[in-house]
Amino acid sequence: MYNVSPSSFSPPEPTAVGTGNSAAATPGSTTDTASTMQQTAATGRTEMRPVKYHYADSFWCTYLISVFAASIAETVTYPLDLTKTRLQIQGEAAAVAAEGAAVKKVKYRGMLATANGIIREEGALQLWRGITPALYRHLVYSGVRIVTYDGLRKKLRNGKETFSLWQSAVAGVGAGALAQWLASPADLVKVHVQMEGKRRMLGLEPRVHSAAHAFREIVSRGGIFGLWKGSVPNVQRAALVNLGDLTTYDSVKHFIMHKTGLPDCHLVHIMSSICAGLVAATMGTPADVVKTRIMNQPTDANGRGLLYKGSIDCLQQTIGKEGFFAMYKGFLPVWIRMAPWSLTFWLSFEQIRSSLGAKLETLDKLEYRFIPAGNGVVNFKVRAPNDAHIALTTNPEESDPMLEVFIGGWKNTKSVIRKNRTKPDVAEVETPDILNAGEFRGFWIRWQDNVITVGNEGAAAAFLSYENPDPFPINCIGVCTGWGATGSWLIEPATEQSSPSAPTAAALSSGGGAACWVTAVNGEVPPNAVVGGSDGEELYIGRAQHEGGIIPGKVVASHGVCYIPWGGVENSKAEYEVLCDFNGTFVPASGSDIPPTALPAGESEDGEPLFIGRVNHEGTVTVGKVQPSHGVCYIPYGGQEMAFSDYEIYVSP
């Protein structure tokens, strides 16, 4: 039997400390090892836990909110879209030439004249003709573009604190292109339906009678692939439009907030929307004209266009016969539509999310807004330029006793803990640029055994802590901003604020004491790290965050990583935690028979506790994870995730 050597570690007396500087204030950074171990052990729980924010921030809820907000914006601004389409189609030189007639004078000139003509000749309700396929389009387009942009944004950031303009541009273009390609069939149907009113007024035979009829006609003429007729200019347009709507809106909004000091308010949204709409219209209108003409052109029995061979041919014919500025037909309604569409969409999107409790806004008033406290921990994200204040109280009011945590105070240079609204502060640490007005930063605050600790999201070590000699029940959390700052907060609901990966009562009450996990990177092995196995060298017990979970695995110092088993493969992590100073041992186990003193070391993406296991395999002793619901120990080995029903599990002594 392989036993881990016992250690004589005992947690030191906690005190008021501030561990860190700008590096310590950054998630994933390293700090002094002894200080890290002391702070982690002092809390009596494992700190590395992925924060589970409100369901309104989940993938599918974000998707549905995007669709609903887009549907509102589409309904409000659809008449402008119809007017724009009519302007782009009327006077189409190629179509006139195909009919064997001379180029005629256009029926309407300008947006207002076109809209008035539609109302006078077809009826006011015809301004919303074709809205059904437009709404169908947003079931795909808007949901995909928002969640894709968010996903690309996170991928390109790769854990970094900043997100450059070029990265934002790449994310906007990629999200728009993918979303529009998937939504092109609905867009094609919409254009066909929109033009039927004009055909009827000209005495022409109607081509389609409804969205469903248009869909069937397109498929019968061109097959399934006919639904993507004009998709190339459509995708090009969407990529450019989203470069304006997503990238420009985000950049201009934060530029205005930084330069003027205005909060994240409706006025900023309006100004940002106008700028974003102008950029999007300027970049997207030529592609929009080409897209509309290709989609609207008649086709032969095989679904081939009778007017244009493709996007380039349409572009050449339009400029050659009608001049360069024909590419900007409908520019004014495009711009006028995009600005209110963007404004309506973002206001609706933010308001719906706020109503679901996803985000809490605080003004520059230093007035706390209180919510129920969790079970010894609050996990949150805040977007503010400075002075994010958090109050820990018994009742939902500012009254003694209370503790306040000021993050990014003194012009975003330091953070402190203050007791009963009285100076001097009981703990203080320099934290330059710990907050950012343009992005959310994550933190946790924990209270246990009279010790208050504050840390960055994803970091095991606290950067600020204080032992309160006068403890009191903490039932409420208050948040506010001030000193020139407004804030947006994402706070994990109180029902979620527990730590499933914390040691069980049995483990904590045993002779081994609390588990101590120490943050490390790039092959670092802290002092007194627990050896769990061997493979030509000692393998240490580690764990790392992955896909929303915390997965136990093996630290291989010579490789500079911690390997974890997940998803059928061996995943390497350069940032991880190492178990230190714990006097446990491995005992035989099998299936789902977990000993009562087994040490919880993580959790799956679904919140299931995971334990430390190991297996003798091909001359090695390899550390991995025990997942009770699967009845096996998974080990990372040879690039794979391998499952064993018989294994050893790590338990407290």
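I started on the surface, where Leu315, Ile319, Phe324 and Phe325 form a nonpolar patch with about 410 Å² of accessible area together. Patches are made of residues with over 30% relative accessible area and no salt bridge; like charges are joined within 9 Å, and nonpolar side chains (Val, Leu, Ile, Met, Phe, Trp, Tyr) within 5 Å. Accessible areas come from the Shrake-Rupley method with a 1.4 Å probe, and for residues only the protein chains shown count as cover.

I noted that this is a predicted model: local features need pLDDT of at least 70, side-chain atom pairs count only at pLDDT 80 or more, and totals for chains, interfaces and linings use all residues. Residues are numbered from 1 along each chain as its sequence is written, and side-chain values use heavy atoms, with hydrogens and water left out.

I then looked up Phe325. Phe325 sits in the loop between α11 (311-322) and α12 (331-355). Helices (H or I, at least four residues) and strands (E, at least two) are DSSP runs, numbered from the N terminus. Phe325 is exposed, at 68% relative accessible area. Buried means under 20%, exposed over 50%, and partly exposed in between (1.4 Å probe, protein chains only).

I followed Leu392: leaving aside neighbours within four places in sequence, its contacts include Met402, Ile445, Trp447 and Phe472. Contact means heavy atoms within 4.5 Å.

How many salt bridges does a search of the whole structure find? I got nine. A salt bridge is a side-chain nitrogen of Lys or Arg within 4 Å of a carboxyl oxygen of Asp or Glu.

- Glu439 and Arg441 meet at 3.0 Å, N to O. Glu439 is buried at 6% relative accessible area, and Arg441 is buried at 10%.
- Glu570 pairs with Lys554, the closest N and O atoms being 3.5 Å apart. Glu570 lies in β18 (residues 569-573) and Lys554 in β16 (residues 549-556), so the pair ties together parts 16 residues apart in sequence. Both are buried.
- Glu648 pairs with Arg614 at 2.6 Å between the closest N and O atoms. This pair links distant parts of the chain, β26 (residues 646-651) and β22 (residues 609-617), 34 residues apart. Glu648 and Arg614 are buried.
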